[in-house]
Amino acid sequence: MRIALAQIKPLKGKVDKNIQTHIRYIETAAVKGSQVIFFPELSITSYEPSLAKELAFQFGDERLAVFQEKSNQYQMIIGVGIPLLVDSEIYIAMLVYQPDKEVSVYRKQFLHDDELPYFKEGAEQLYVDVEQEKIAPAICYESLKEAHLENVIRHNASVYLASVAKPKGGVEKAANYFQKASVKYNIPILMVNAIGWSDDFRSYGNSAVWNKQGEVVVALHENEEGILIYDSDKEVGIIEYL
């Protein structure tokens, strides 16, 4: 199976332009034979907690319908990040579109302290079953909480997917942890980060894949827009620049 990680540069609050960027990456990943593609945390709006109320989506928003269309067209699983409004609460969410199925939603369960004024924590883990793999998504801060990884391991996850918006220090901390955790829990760990400015920091890219031996299979640099594609069967990766 080929899993694509889209290292993009989201534009602050520019939803329509960001959606077009997503479509361009989805189409490129499809040409490269990817069955799955994931984007960074809050990829549709950029990571902007103070604007979450203004930018939040509700279920059924027509602006997002294109992702189901592309999922059906390319028979591809697509994971995108949005602030999601449900019953007057806003969540950091990942919407997962699957071919000819109803969209699934994952809500970030562990929030950083500075996110608590803007968002509510989710309560349930999502798993994405594709071919022989069971992918467990994690969103940024919670991907560094070992309790989160331990839980998905207990539920037989075979791939750990961290969708993040991290600055340089956060990326370095994540790389150190993922290298050790992939060995300890015998699971490949994939991290997809954004680049460019959001909120009050610059996302530092360096999207990467760590195999079960803790080795970096493939990685992008801190300022590159592109797609990292991981072949889980052969345990190799390729990079496609956009």
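In this predicted model, a salt bridge joins the side chains of Lys108 and Glu41, with N and O 2.9 Å apart. The two residues come from distant parts of the chain, 67 residues apart. Lys108 sits in the loop between strand S5 (104-107) and strand S6 (128-130). Glu41 sits in the loop between strand S2 (36-38) and helix H2 (52-55). Both partners are buried.

Lys108 has a further partner. Its side chain also forms a salt bridge with Glu115, where the closest N and O atoms are 3.0 Å apart. The relative accessible area is 1% for Lys108. For Glu115 the value is 3%. Glu41 also has a relative accessible area of 3%. Each of these values is under 20%, so Lys108, Glu115 and Glu41 count as buried.

The surroundings of Glu41 were examined next. Residues up to four places away in sequence were set aside. Glu41 then touches Tyr47, Ile92, Lys108, Glu115, Ile139, Cys140, Ser163, Val164 and Ala165. A separate distance was computed from Glu41 to Glu102, which is 61 residues away along the chain. Their C-alpha atoms are separated by 21 Å.

A search of the whole structure finds seven salt bridges. One of them pairs Arg2 with Asp231, at 4.0 Å from N to O. Arg2 lies in strand S1 (residues 2-7), and Asp231 lies in strand S14 (residues 226-231), so the bridge ties together parts 229 residues apart in sequence. The two partners fall into separate accessibility classes. Arg2 is partly exposed, at 28% relative accessibility. Asp231 is buried, at 11%.

Asp113, Asp114, Asp199 and Asp200 form a negative surface patch. Asp200 belongs to the loop between strand S10 (195-198) and strand S11 (201-204). Its relative accessible area is 62%. That value is over 50%, so Asp200 counts as exposed.

Attention then turned to Ile90. This residue lies in strand S4 (residues 89-97). Ile90 is buried, with a relative accessible area of 10%. Neighbours within four places in sequence were again left aside. The remaining contacts of Ile90 are Ala52, Lys53, Ala56, Pro83, Leu84, Leu85, Tyr118, Phe119 and Lys120. Ala56 is 34 residues from Ile90 in sequence. In space, the two C-alpha atoms are 7.1 Å apart.

Lys53, one of the contacts of Ile90, lies in helix H2. Lys53 is exposed, at 74% relative accessibility, whereas Ile90 is buried. Leu84 is another contact of Ile90. Lys53 and Leu84 are 31 residues apart along the chain, and 9.1 Å separates their C-alpha atoms.

Leu84 is also touched by Phe59. Phe59 is placed in the loop between H2 and helix H3 (65-74). With a relative accessible area of 48%, Phe59 is partly exposed. Beyond residues up to four places away in sequence, Phe59 touches Leu84, Val86, Val105 and Arg107. Its C-alpha atom is 9.9 Å from that of Leu95, a residue 36 places away along the chain.

Backbone angles were considered last. Most residues other than glycine have a negative phi. Asn186 has a positive phi, near 55 degrees. This residue is in the loop between helix H5 (168-184) and strand S9 (189-192). Glu235 is not a glycine either, and its phi is positive, at about 55 degrees. Glu235 lies in the loop between S14 and strand S15 (236-241). Glu235 is partly exposed, with 35% relative accessibility.

Terms used
Residues are numbered from 1 along each chain as its sequence is written. This is a predicted model: local features need pLDDT of at least 70, side-chain atom pairs count only at pLDDT 80 or more; totals for chains, interfaces and linings use all residues. Side-chain values use heavy atoms; hydrogens and water are left out. Patches are made of residues with over 30% relative accessible area and no salt bridge: like charges are joined within 9 Å, nonpolar side chains (Val, Leu, Ile, Met, Phe, Trp, Tyr) within 5 Å. Accessible areas come from the Shrake-Rupley method with a 1.4 Å probe; for residues, only the protein chains shown count as cover. Lys and Arg count as positive and Asp and Glu as negative; His and the chain ends are not counted. The place of a charge is taken as NZ of Lys, CZ of Arg, CG of Asp or CD of Glu. Helices (H or I, at least four residues) and strands (E, at least two) are DSSP runs, numbered from the N terminus. Buried means under 20% relative accessible area, exposed over 50%, partly exposed in between (1.4 Å probe, protein chains only). Contact means heavy atoms within 4.5 Å.
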